[in-house]
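Me: I would like to understand how the words used for a protein structure are tied to their definitions. Could we go through them one at a time?

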Amino acid sequence: MKFVIKLFVVLLCFVGFSPIWAQTDTSKVFSYRDFYELVTKNHPVLRQANNLSDQAKAELLMAKGGFDPKLEANFDRKFFDNKAYFNFWDNQLKVPLYWGGIDVKAGFERNVGDVLGTDIRTPIDGLSYVGFTVPVLQRFVIDERRATLQNARLFQNMAEVERVKLVNKLILSAAKEYWTWYFAYRNYALVQEFHDLAVQRYDLVKKRVAQGDLPAVDTADAQVTLLDRRIMLDQALVDFQNARLILSNYLWDDNNGPRELPSNAVPQLSPAQRIDSNTLTQLLDISRQKHPEIQKLDIKTQQLRIDERLGREMLKPKFDIGLSSLNYTHRFITGLEIPNTGPFPAFYKLNVDFSMPLLFRKERGKLETIRIKQAQNNLELQQVRREINNDVQASYNEVLNLEKQIQNQQVAIERQAQVLRADEQRFAIGETQLLQLNMRESKLNELKVKLESMKSKYEKAKATLLFSAGLSEW
């Protein structure tokens with residue numbers, strides 16, 4: 001009767017939820033959902049994963065820098081033997097455009113000196129110019145700057161995939177430790193109950209031996225059983241304390257400081273969400289679309305396509321045309337007379353740049369390398385998809401198998417409890433030995449501990465199933 005009252009009091013501690021950090025004299029339930037929210041909020045690995053997005057933004061900013069306007073100034077002068085050989089002064093604003101690989105430029109140059117030829121000499125007050133350079137063949141469709149920018153944008157998606165991958169690994173590890181803590185707690189509770197029964201039976205046996213109802217050897221047998229279970233209880237307590245400490249590794253506060261799980265915190269006893277018949281189909285569909293490994297390879301495929309486009313572009317001859325209008329716009333500032341050149345520019349500078357490798361071996365080799373990488377990536381993608389599909393199905397089968405095992409184990413416990421009650425009645429009237437009763441009781445405790453181990457494995461299997469599908473929660 002005392003044991004029943006004690007067990008009832010213990011169960012009352014588990015009813016309802018209250019904050020795990022509250023310091024009270026009763027046990028506080030720390031559910032898996034509360035644990036999950038704390039881990040995904042403050043864990044350093046999660047913060048490290050979030051830094052990947054910041055790194056991707058920085059990479060994109062660097063890639064956009066390839067299209068930044070650029071201001072240049074150049075001055076070169078030579079004076080020797082009382083003679084001003086030359087003065088070169090060129091100021092230029094260059095603006096790269098995204099489409100067509102065109103560069104627009106505007107500037108001012110002044111080239112004067114005693115030895116300069118008429119081909120590069122400018123008026124004494126200089127010349128202004130506005131012009132552009134356009135690649136007609138090579139680099140017109142895509143060039144290095146645009147390829148770098150497009151890859152940087154894809155790198156943002158890659159960073160998000162890596163972040164999800166890190167989070168999933170963290171949650172899987174944390175979930176396994178939580179349910180390890182759950183089993184350690186339940187094992188300790190069962191061993192405590194097992195030990196208390198041995199204490200009660202030892203006291204009962206001593207009384208019956210004193211009354212002459214049992215032989216004296218039963219006292220030694222009951223004491224050996226009690227000491228053995230006390231050793232089991234001490235070990236179970238150490239395992240529970242160590243599991244609590246390991247679980248504390250995942251708990252951090254808002255200031256990035258470590259937190260320790262209170263000694264009065266206990267895991268949830270009610271089972272979490274069960275797996276229904278439609279779960280496998282849903283998880284397979286999700287894994288095909290959202291699994292980080294598949295998404296990572298898909299993004300790599302897109303990056304290789306960009307590299308292939310650039311590689312094909314390099315097989316074209318280089319043919320660039322530059323055209324600049326020479327004018328006296330700067331005289332609006334100096335106030336000098338501006339010649340009337342009509343509606344169209346009368347002065348201009350034209351340059352054409354053409355080059356072409358005769359064999360294109362470097363370009364063809366680079367393009368072939370890219371295509372080999374594409375083939376390898378496609379093969380890897382096929383293999384990963386198949387492995388993920390099989391991993392999800394294997395994990396699902398493990399979950400279903402554990403569900404059946406738990407059901408069978410519960411039936412076995414009920415039957416063993418019936419056998420134990422029958423033996424207790426026979427022992428009370430002297431029809432069975434204490435050794436037989438202890439064996440029945442040990443078997444029942446072993447079945448109960450195994451049931452809690454199965455429940456722990458079941459929750460771990462569900463976490464593994466989610467991880468196999470590329471998820472961290474339902």
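What follows is a conversation about terms and the values behind them.

Reply: Before we start, note that this is a predicted model, in which local features need pLDDT of at least 70 and side-chain atom pairs count only at pLDDT 80 or more, while totals for chains, interfaces and linings use all residues. Residues are numbered from 1 along each chain as its sequence is written, and side-chain values use heavy atoms, with hydrogens and water left out.

Me: Why is Thr 225 called buried?

Reply: Thr 225, whose place is in helix α5 (residues 217–248), has a relative accessible area of 15%. Buried means under 20%, exposed means over 50%, and partly exposed lies in between, with a 1.4 Å probe and protein chains only, so Thr 225 counts as buried.

Me: And what makes Asn 74 count as exposed?

Reply: Asn 74, which is found in strand β2, has a relative accessibility of 55%, and because exposed means over 50%, the word applies. Asn 74 still touches Phe 88, Trp 89 and Asp 90, not counting residues up to four places away in sequence, where contact means heavy atoms within 4.5 Å.

Me: How do you know that the side chains of Thr 225 and Asn 438 make a polar contact?

Reply: Their distance is 3.2 Å. A polar contact is a pair of N or O atoms within 3.5 Å; within protein, one must be able to donate a hydrogen and the other to accept it, and residues adjacent in sequence count only if both atoms are side-chain atoms. The distance of 3.2 Å therefore falls within the limit.

Me: What makes β3 and β4 a pair of strands?

Reply: Strands are DSSP runs of E with at least two residues, and helices are runs of H or I with at least four, numbered from the N terminus. Two strands pair if DSSP finds at least two bridges between them; 10 bridges join β3 (residues 83–96) to β4 (residues 103–112), so they pair, and they run antiparallel.

Me: What makes a set of residues a nonpolar core?

Reply: The set must consist of buried Ala, Val, Leu, Ile, Met, Phe, Trp, Tyr and Cys residues joined through side-chain atoms within 4.5 Å. The largest core here has 36 residues, and among those that touch the most other members are Ile 275, Val 392 and Tyr 458. Its largest share, 12 residues, comes from α9.

Me: How do you know that the span of α7 is close to the expected one?

Reply: The expected span is 1.5 Å times one less than the number of residues. Helix α7 has 22 residues and reaches 32 Å from its first C-alpha to its last, close to the expected 32 Å. Its buried residues, including Pro 292 and Leu 297, pack against α4, α6 and α9.
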